[in-house]
Amino acid sequence: MLTKSDFLKHTQCYRYLWLYKYRKDLLPKEADLNLQKLFSEGYEVEPYAYKLFPGGVSAMAGEIKEQITLTKKLIKDGVKTIFQPTVTSYKLFCRGDILSFNTKAKAWDIYEIKSAVSVKGINIIDLAFQKICYESAGLPINKLHLIFVNKEFVRDGEVDPKKLLKVEDLTDQVKELISQVNLDIKSAHKILDLKEEPQIRILKQCSKPYPCDFSDYCQRDWPEHNIYNIAGGLSEKKLNLLLDQGILDIKDIPDDFLTNHKSIKHHQAVKHNKVYIEPDNIKADLSQLEYPLYFFDYETYSSAIPIFDGYRPYQQIPFQYSLHVLVKPNGKLEHYAYLAKDWSDPVPELAKTLKKQIGNKGSVLAWFASFEKGRNKEIAKHYPLFADFFEDINNRMFDPIMIFKNGYYVHKDFHGSASLKSVLPVLVPKLSYKELNIQEGGSASESWRKMIDPKTQAKEKKQIYDDLLKYCQLDTLAMVEILKVLQKL
Ligand code: SF4
């Protein structure tokens, strides 16, 4: 039986489809978390979409067999709109979001709900699969639509589904794809009949449209320094050329093969086990710094349905910052933090507190500063009272990541990445995220939402509060320590 969700995996690759069907045990734990987040965003949007169809009846009930029986019964009883209709037909299984009977056309209109803010190619494939599946189960299909989130929506009190959501008719696009999807369904069935896992090269399909959940498994035998992680990346053509020669290790890449200067340096670093440092360029960059130095980092939260008034879907809401301050070289390091505790827009209080702590002189250091700058611009727009302050901070921003992105410091153990989490363990091994309960921004964000939820127990709130403070503090302390290493050069 080929389900809709199994089938959609083929867009990544047929190996994914096979693994997803037969070897779910190989999925890493984080895949569950990512999936949960995706599901919870979907679940958030669904009730609003259902409100667009008053009188709709749900076909969700108990086990799959009961859902199929209930769907049939609702159709027989003349119900005009069915939520989560479930059907099977020859070797296909489908549970869509909404079927609505179009009396004039004497056929059903399909509505698929997505928590995204735009239509993607995969949504059209999804609808095409549904059309094929429903029609082969004897339900004539008329129009096909996608319901998705309107990115221009701004929350103002109670959410109005008609303003929050957009409905797009994709019937023509689906029709164009039907014959291809029919062929793909046949191929997918053949793949699922295979006893052995199909072998497929790791190429761009592994990260597009989404990073594949089986990446760790498919990469299990790779050398530590492999061609996929080379700084600057390799085109699919170049990857294929290397794979044709059986080259997987960066050190085995021929010297004249690479053209990008970042890749060349990384290659040399691995091949000769050397660290490449350009002290003059680093010094020139660091000479822009002006004391006091403010090491700054935001944690933010975003969701499909904005949780506070004045925000758009998926707009990042800063709820926490960590700020280390070094007034003069070798001076005493001070630390400040802000973490919102309650279910209300955290930004006004956060901005007020930050304004007291960042003076009007000195450089503000943020790793991947474009993120912090973007949030500052949004705060300035949203709260004009703070506009001058945040504009000034942005003008004084310095991004240490550029030293690594520009290849002034290249270490093979950065694995081609300039992220803080790649650079820190190499330059400052004594600092680590490993001991923390919260180790990355995604879980910080979800934990915060849980913490401010009035339903969460006080003890758990306190634990999350402490964990969040530790996590964000490490992000800025990491910058302080990395800067020390760079300054010593
Ligand atoms: S990692 Fe790549 S090759 Fe492996 S299953 Fe995923 S998409 Fe396919």
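**Close-up views of helix contacts and nonpolar cores**

**View 1. Contact between helix 13 and helix 14.** Lys-373, Asn-376, Ile-379 and Ala-380 of helix 13 are in contact with Ala-387, Phe-390, Glu-391, Ile-393 and Asn-394 of helix 14. By class, the residues of this contact are five nonpolar, two polar and two charged. The crossing of helix 13 past helix 14 is left-handed. As in the other views, the model shown is predicted.

**View 2. Contact between helix 5 and helix 7.** Helix 5 (residues 121-136) packs against helix 7 (residues 171-193) at an angle of about 70 degrees, and their axes are 8 Å apart. Because angles of 65 to 115 degrees count as roughly perpendicular, helix 5 is described as roughly perpendicular to helix 7. On the helix 5 side the contact consists of Ile-124, Ile-125, Leu-127, Ala-128, Phe-129, Lys-131 and Ile-132. Helix 7 contributes Gln-173, Val-174, Leu-177, Ile-178, Val-181, Asn-182 and Ile-185. The residues of this contact divide into 11 nonpolar, two polar and one charged.

**View 3. The largest nonpolar core.** This core has 64 residues, and those that touch the most other members are Tyr-294, Phe-296, Tyr-321 and Leu-365. Helix 18 (residues 458-488) supplies the largest share of the core, 10 residues. In soluble globular proteins, nonpolar side chains tend to be buried together.

**View 4. Surroundings of Phe-296.** Leaving aside residues up to four places away in sequence, Phe-296 touches Tyr-321, Leu-323, Val-364, Leu-365, Ala-366, Glu-372 and Thr-476. Tyr-321 and Leu-365 are, like Phe-296, among the residues with the most contacts to other members of the largest core.

**View 5. The whole chain, for orientation.** The chain contains 18 helices and 16 strands. Its C-alpha trace spans about 80 × 60 × 40 Å along the principal axes. Of its 489 residues, 34% count as buried. Among contacts between residues at least 6 apart in sequence, 68% join residues at least 24 apart.

How values were computed. Residues are numbered from 1 along each chain as its sequence is written. Helices (H or I, at least four residues) and strands (E, at least two) are DSSP runs, numbered from the N terminus. A residue is buried if 20 or more other C-beta atoms lie within 10 Å of its own, exposed if 12 or fewer, and partly exposed in between; C-beta atoms are placed from the backbone. Two residues are in contact if their C-beta atoms, placed from the backbone, lie within 7 Å. A nonpolar core is a set of buried Ala, Val, Leu, Ile, Met, Phe, Trp, Tyr and Cys residues joined through C-beta atoms within 7 Å. A crossing is left-handed if the near helix is turned anticlockwise from the far one by less than a right angle, and right-handed if clockwise. Ala, Val, Leu, Ile, Met, Phe, Trp, Tyr, Cys and Pro count as nonpolar, Asp, Glu, Lys and Arg as charged, and the others, Gly among them, as polar. Axes are lines fitted to C-alpha atoms, for helices over the stretch in contact, and angles run from 0 to 180 degrees between N-to-C directions. Angles under 35 degrees count as roughly parallel, over 145 as roughly antiparallel, 65 to 115 as roughly perpendicular and the rest as oblique.
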